[in-house]
Structures are given as C-alpha cells and as structure tokens.
Amino acid sequence: MKNFRHHARAAAVVAACALALTACSADDDVEATPGEGGGESDAQLINDGEIVVAMSGEFKPFSHFDDGNNLTGFDYDIAAAIADEMGLTLKTETAAFASLIQGLQSSRYDALIASMSPTEERQEVVDFTEPYYTDGASYFVPNDSDCEAFDINSTVSVGVANGTTYDQYLMDEGFEGEVVKFESDITALEDTEAGRLDGTITGKLVGLYQIKEASRDLRECGDSLYEETPAIAVAKDNPLGEDIDDALAAIKENGTYAEISTEWFGEDIS
C-alpha cells in the first residue's frame, strides 16, 4: 500500500470480494477527514456524506487489485485524496470499463475516476471535470518485432480494451487489420508478449509501467499515436463536478497530487 494512504485518510475498511473482473464490485470504504472542500454544496450525492466512485480495477497501475485483493492504484489514491479534501467518506466500486458510464447514468455511482478521456460521444451523456493527468496512446510490441511505427494501413493483429478510445481510434481510422478486444489492457499486453498478437494499443504510462515493473518483454513502437487528457465523469448537470474540480485544484496546490503521482510514476503526470 502506498505511504500516502497512511496520512491522507483517517480510517479505512476494506471489503473482501473475489476478483471476478467483469462482474464483481469491490467496496472500499474510507472515512475521510473533512478538508477545506467540506463546506456547503449543491452537489447531488447518492448518500449524504459519501461519494461513490467507480473505476475498472483492470488498468494497472491506475486501478487494480493488489496481492491481498484490495483495490489500489493512482486513480484510487486520487479518489481518496479528493474525498478527503471534500470531507466525504469514499466508497469505491469496480465494473467493466465499457459499463461505467451506464452505471453513472443509472445512479449507481457519483463519479468515475477511471482514466476516462472526455470524447464528444461521452460528453453527450455525462459531464467531465478538468483533466487530471496527461498521457499518450501508444503501440506496444514484442522486443523482437521489426515494427518501427504503427501503420494504420497494415493488417497486423492489435489488442485493445473494449470501450476505450484505443478501440474507437482504430474504427475511426479505418484499420483493416484484426482488432482483438479485451476487458483489460493488461491481458492484451500479456497476449502480445506471448506472441498471440502483433501489438497492443494502450496508454503510454500503462505500457511503460508494465515493462518496468512486470519486466514484460515489450517495447513501445514509434511515437504516441495521440495525446489523451483523462478527466473525472459525473452525471449530467450535477454540480458535483465543480466541487471535484475545486478539490483537485487543492490537492495539486498542497502537494498531495504530486506525492501520489511520484509514488506511482516517479514524476508529476499532471
């Protein structure tokens, strides 16, 4: 567990849940210490005094389960810091990435802190805060691949996580190769390493983390395909987004954001 958790929250109760990646929800209730953002607000919450935040739990190192089956990651720690700043109890849920927006629309979650980019299609159905980090979409291949750059006109087999901008990018650009969809980017990278795919498109930070921390026999091929600036999603017209923006600005100003980011990536990714 990252050191941040020992001083950013007053108490934590971790709910045990078997790791069924697409169907299981893991609740992780964190009693937040009221911060500067804990005053009166028009924000609409499912339960008073609590913010229910959802993420996939399949996007290491942003959200994943540790060896003790506890939800962890950069997105998780940012959620905890925001809840702490807002003076709210944090409750976390996990679900397949492609289902998260539907869950938000169905009032199962208050917010999605799930490394989700605010595309035009998504902005039609949910609201987004200001971006909370910057990343690039990159193509990762086995180390022995002869790839020099991703070619949209090639017929290689490419893995992507279902419902992501990487999946949409290939469709929009008319890619004629084989697109293999997974519930987890990590599974796609594993299949690439094993030689079952020619490559995987995922976030640059995710791929480089896997290469460094999991010693995967992979490399980034060429430059990033496009830049992404993920943001936090809330229900349409919910003032909660403004409160989250205020809390996000506060944790950047007081150094908490930089501390979390450095713990996971060795740098400030804002």
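This tour moves from the whole chain to the cavity inside the model and then to its lining.

The model is predicted, so local features need pLDDT of at least 70, side-chain atom pairs count only at pLDDT 80 or more, and totals for chains, interfaces and linings use all residues. Residues are numbered from 1 along each chain as its sequence is written, and side-chain values use heavy atoms, with hydrogens and water left out.

Of the 270 residues, 51% count as buried, that is, under 20% relative accessible area with a 1.4 Å probe and protein chains only.

Next, select Phe59, Phe97, Ser115, Thr164 and Tyr166, which among the 20 lining residues lie nearest the centre of the largest cavity. A cavity is a set of points on a 1 Å grid over the protein atoms alone where a 1.4 Å probe fits but cannot get out, and lining residues have an atom within 4 Å of a point. The largest cavity holds about 200 Å³ of space, the volume being that filled by probe spheres set on grid points joined across faces, edges and corners.

Then colour strand 7 (111–116) and helix 5 (165–172), each of which supplies at least two residues of this lining; strand 7 gives the most, with three residues.

Technical notes
Buried means under 20% relative accessible area, exposed over 50%, partly exposed in between (1.4 Å probe, protein chains only). On a 1 Å grid over the protein atoms alone, a cavity is a set of points where a 1.4 Å probe fits but cannot get out, and a pocket is an open set with protein on both sides within 12 Å along at least five of seven lines; lining residues have an atom within 4 Å of a point. Helices (H or I, at least four residues) and strands (E, at least two) are DSSP runs, numbered from the N terminus.
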